Amino acid sequence: MTTTSHAYGAQGADQALAPLRITRRAPGAHDVQIAIAYCGVCHSDLHQVRAEWAGTLYPCVPGHEIVGRVTAVGAQVSGFAPGDLVGVGCIVDSCRHCAECEDGLENYCNHMVGTYNGPTPDAPGHTLGGYSQQIVVHQRYVLRVRHPEAQLAAVAPLLCAGITTYSPLRHWKVGPGHKVGVVGIGGLGHMGIKLARAMGAQVVAFTTSPSKRDAALALGAHEVVVSRNREEMKAHAQSLDFILNTVAAPHELDAFLALLRRDGTMALVGAPATPHPSPNVFNLIMKRRSLAGSLIGGIAETQEMLDFCAERSIVADIEMIRADQIDDAYERMLTGDVKYRFVIDCASLGQ
Ligand SMILES: [Zn+2]
Ligand SMILES: [Zn+2]
């Protein structure tokens, strides 16, 4: 039997989010049914719901930073039982047999199904995300949450912001003895600072606003550089092993590439709506530097990240909101007025 759930979503690109009733499939043999407690608000939600990216399907229910409790499991489910604390991130399905899926990198599968706006046989024909009170997900894509329940709301943003920053830090083997730059101190960047610090690196945070200096230090940065200050930037020339660049607005990459030492890499995780100005190739050639990109992370690595954070009591810094505050939250997100992630209390969806 399908179930109905309170949700929040939009019926068109020019429409505000509003309460909706949606249906979820009955749990199949491999499915986990989850009562959603909290859902983080990601920039991607806003892009998708407002059709700033191509191909938004309506009704659109965003949300891919989901945490909650298992309410039912299918007959073939092992490892999850009713009552368990769990999470669901950006991926709810993939082809399960390509080279990427076999390597545990479902995030790079050509048939990855996003938690919202992805293809599904379920009504209404595309996936509906976490701004809802319930979701049903194949066990392969469900994560175990080992944080204490009191931290649950602040765990939600780890499912996108956390893994998006953890995965490149791990892939480029950031650790003790490394000097790492984190560019941008927003939802992604604040997690990048916490994680790079926890991995043992010397962390330099880069921001355009001097007013964020103290906040970045409080997050764990050893140093803060105001990137508009040429003298401050120059002081770090050719000194960084790795840069995690979280900024989604188009900007000059050369200013940061020049800070990498020989063989250093800058990984981009922010997706700008229009391209960055092309970097000067000399900046890459002269010190054998790399410019790279990274997309969220695979399921196994997401579990590794959650466990890493649980062991160290790492969570996101959040501001809790009710469902009827989502549109206001979007406007505040656009002006950077959030420290550092909004999280929806999904109990408010039915009120
Ligand atoms: Zn996201
Ligand atoms: Zn695949």
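In this predicted model, E304 pairs up with R170 in a salt bridge, with 3.4 Å between the closest N and O atoms; the term covers a side-chain nitrogen of Lys or Arg within 4 Å of a carboxyl oxygen of Asp or Glu. Between domain 1 and domain 2 the count of salt bridges comes to 2. Helices (H or I, at least four residues) and strands (E, at least two) are DSSP runs numbered from the N terminus. Sorted by class, that side of domain 1 has 11 nonpolar, 2 polar and 6 charged residues.

As for the domains themselves, domain 1 takes in 3-160 + 297-350, while domain 2 spans 162-293; the bounds come from an automatic or database domain assignment. Their centres, taken over C-alpha atoms, sit 27 Å apart. Domain 1 puts 19 residues into the contact and domain 2 puts in 17, contact being heavy atoms within 4.5 Å. Together the domains bury about 1600 Å², 61% of it on carbon and sulfur atoms. Buried area here is the accessible area (1.4 Å probe) that two parts lose on being put together, summed over both.

The UniProt record, an unreviewed entry, lists residues 12-344 as "domain: Enoyl reductase (ER)"; its annotations may be inferred rather than shown by experiment. Over that stretch, residues 12-344, the chain is 25% helix and 25% strand, with 21 Å between the end C-alpha atoms.

A few backbone details turn up in loops. The Y58 to P59 peptide bond is cis, omega being near 0 degrees, and P59 lies between helix 1 (43-49) and strand 4 (66-73). K339 and Y340 are also joined by a cis peptide bond, with omega about -15 degrees; Y340 falls in the loop between helix 11 (326-334) and strand 17 (341-345). R288, a residue other than glycine, has a positive phi near 50 degrees and belongs to the loop linking helix 9 (281-285) and strand 15 (290-293).

Residues are numbered from 1 along each chain as its sequence is written, and chains are lettered from A and ligands numbered from 1 in the order in which they are written. Local features need pLDDT of at least 70 and side-chain atom pairs count only at pLDDT 80 or more, whereas totals for chains, interfaces and linings use all residues, and side-chain values use heavy atoms, with hydrogens and water left out.

Terms used:
Nonpolar A, V, L, I, M, F, W, Y, C, P; charged D, E, K, R; others polar.
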